[in-house]
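Q: Could you walk me through reading a fold from its packing? I'd like the general idea, then the case at hand.

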Amino acid sequence: MTMAFAVDEINRNKELLPGLTLGYRLYDNCGELVVGFSGGFSLVSGQEEQFVSQDNCVGTPPVLGIVGDSYSTFSIAMSVVLGLYRMPVVSYFSTCSCLSNRKLFPSFFRTIPNDDFQVRALIQILKHFRWTWTGLLVTADDYGVGVARAFQHELAESGSGCLAYLEVLPWDNDPPELQRIVDIMRTSTARVVMVFAHESHMLHLMEEVMKQNVTGLQWIASEAWTAATVLHTSRFMYYLGGTLGIAIRRGEILGLRDFLSQIRPDEHDKSEYSLVNQFWEHIFHCRFAPPAGWLEAGGETCTGREDLASVETDFLDVSNLRPEYNIYKAVYALAHALHDLLHCVPGRGPFRGHSCVTLQGLEPWQLLHYLQKVNFTTSFGDQVSFDDSGDAVQIYDVINWQWLPDGQTKVQHVGEVKESAFKGEELTLDDNKIIWSFGSKKPPQSVCSESCPPGSRMARKKRQPECCFDCILCSEDSMECSSCPEDFWSSPQRDRCVPKITEFLSYHDPLGICLTSFSLLGTLICAVVLGIFIYHRGTPIVRANNSQLSFLLLISLKLCFLCSLLFIGHPRLWTCQMRHVAFGISFVLCVSCILVKTMVVLAVFSASKPGGGASLKWFGAMKQRGTILALTCIQAIVCTAWIVSASPSPHKNIEYHKDKIVYECVVGSTVSFAVLLGYIAILAILSFLLAFMVRNLPDNFNEAKMITFSMLIFCAVWVAFVPAYINSPGKYADAVEVFAILASSFGLLVALFGPKCYIILLRPERNTKKAIMGRAAEKLHKHC
């Protein structure tokens, strides 16, 4: 009747298939494969009875698609044959994953999730409640066999539990076999039982469960019987109360109840084969064609004018539409596909030559193309589309059967499972809404063996699943104990996991405090020296040493001292990136100043020789600053490329010590780090060589000697740094680098500015042109 309503609603819709009227034909498979198969085959073979409409349409109606079947086995048989004709088949209840095989079933679609998703959804529920020991019952058909295979595979792959038993329910009522299966359930230690079966199989199974009085089980229902109201009786709910199940997504179909309430028996067909007539006779306990003796026994004759509202029936209850909602979506999917086909724009069609098709020449395979691409939203707000395998959007409701004190059964919606493109199956459950068997608020436990207590290890039982084990005390040299998480370590008693000690060069430990103090001291001394030079900037010794370069050199030394602070403290992404950038640029700026000072001194004394005056034009004030800027920019480019390509980053190292976590910065690219240090080394060596060449300058001018000595200290420190850095683990590697920065910075500061400050502050009588330059004072002053 939901299908009839959907067709009627589409015919009344002025926007969907305007000017076109859909019809339908209903078949009852009677629970038999041959009946359902014959009905589907007669539809496509043209064996349908002649059809006469009010619009004088005469002939066999064209069949554009089939909605059904419900059983997976029936759908498989029918789709194999109908697939040869490319006849669209849209099932509302067949879940076998095998039907997703497009090579075998090219024209099969469905509006219900497949069994693979159903299995993964149920495993998510098992994980949620930590049920690792379960029983599984399946039916002896394609549905059951496919589920059993998929469940065993997914359970083994996820490692979330074991099967206590796997039994196949007989297709027909087989009391001895059912007795054997229920006996296994009763004696098993598994308290959770999952059943993938149809409603009829559950009725037979529950009769045997009642006979053996097997209670205390937590039932997990598949979508095939989770909505079976025939099981919601007090005699069954005593055993099934608290059942959890996944159900077809519930939907709302506006206007369906009014449509159902207006149904009346067929005035022209009073035969016993009419579905509506059969229903009518069942509801009102009457007969359209009373058999002999019916009236004498007090029976009534059906008139067809009885009022449905006067009887209590679930037929008019549309509050829990699940398979019906799938049927509704299936009919609309076919209608939307036909609508898209008829609105094809000539020249843009999907067929040969970009052509379209007409309704009169329509073939089923042409509709199949549009059905694959259909995409619409129902009035309830659900999106309907099919993937490449013909499967619809994967989503299930999670429901709980609650047996209320008044004897009524309530089907409570407690969550949902849906498929996410990024996270796989997403389970959402409201545990507070769940009522377990016998009214308990806590979920039952179902494990083969309890978790081993601290200080013990698991020992697998022979010929038992991996979930079954004994607990044995850990020995001193045990190799099979449970591993602690990455950030934890075993206690001395080996009975619990304790957090590991964290280690990094901290501001609070003695080494960090010492290095920080020297860094700040160096910064302070640089500031004092800079103040002295600024105050005495007019004196000969400051002017003779290129005051502007001296100021810039002091500022760069101050940056060198400060950059060492980035190596102290908990490594963060920004500190890991900035520490080497600041270090590299600061030291290149510093060494560049020294290199330019050396070149200026060399040029000045070259100019004092005959024919050497031309060399000074290359070392004016602007060219000096430009050279320093160019040399520093090269290092800045190296640092930028380093951060962009393989940025330094914080790293949690657990390999140095088993009981410690060492936080450190990994350089990201060893090549970039080597280029940074190599560039500094090239500038330093060049400065040293040039200063060494002019170390024996005339008279008392010893600037070149100071530069030579300072570069000798600088190179010695960094040559010693490389092996020390490589062989220092953890925080000591940072300490070695900080020490190298401070030692080289102090060496440059003392060697270059110590003698000058001594003369300025303590020997002012030597702060004269004559004392500094001797006989060459006037000439040097002129060039400076």
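This is a predicted model: local features need pLDDT of at least 70, side-chain atom pairs count only at pLDDT 80 or more; totals for chains, interfaces and linings use all residues.

**Covered helices, cores and a helix pair**

Q: How many residues of helix 3 are buried?
A: Eight of the eleven in helix 3 (residues 72-82): Ser-72, Phe-74, Ser-75, Ile-76, Met-78, Ser-79, Val-81 and Leu-82. Across the 784 residues of the protein chain, 47% count as buried. That chain has 22 helices and 24 strands.

Q: Which residues have the most contacts inside the largest nonpolar core?
A: In soluble globular proteins, nonpolar side chains tend to be buried together. A nonpolar core here is a set of buried Ala, Val, Leu, Ile, Met, Phe, Trp, Tyr and Cys residues joined through side-chain atoms within 4.5 Å. The largest has 89 residues, and Trp-131, Phe-151, Leu-244 and Leu-371 have the most contacts inside it. Helix 11 (residues 323-342) gives the most to this core, twelve residues. Apart from it lies another core, of 67 residues, including Cys-560 and Leu-752.

Q: What is Leu-371 in contact with?
A: Skipping neighbours within four places in sequence, Leu-371 is in contact (heavy atoms within 4.5 Å) with Pro-88, Val-90, Phe-109, Ala-333, Leu-334, Ala-337 and Phe-386.

Q: At what angle do helix 18 and helix 19 cross?
A: Two packed helices are described by the angle and the distance between their axes. Axes are lines fitted to C-alpha atoms, for helices over the stretch in contact, with angles from 0 to 180 degrees between N-to-C directions. For helix 18 (residues 670-693) and helix 19 (residues 703-726), the axes come within 8 Å and cross at roughly 150°. The pair is therefore roughly antiparallel (over 145 degrees; under 35 is roughly parallel, 65 to 115 roughly perpendicular, the rest oblique). Phe-673 and Leu-677 of helix 18 and Ile-707 and Met-711 of helix 19 are among the residues making the contact.

Q: Is Ala-751 buried or exposed?
A: Buried, at 8% relative accessible area. Ala-751 lies in helix 20 (residues 731-762) and, beyond residues up to four places away in sequence, touches Met-706, Phe-709 and Ser-710.

Technical notes. Residues are numbered from 1 along each chain as its sequence is written. Side-chain values use heavy atoms; hydrogens and water are left out. Buried means under 20% relative accessible area, exposed over 50%, partly exposed in between (1.4 Å probe, protein chains only). Helices (H or I, at least four residues) and strands (E, at least two) are DSSP runs, numbered from the N terminus.
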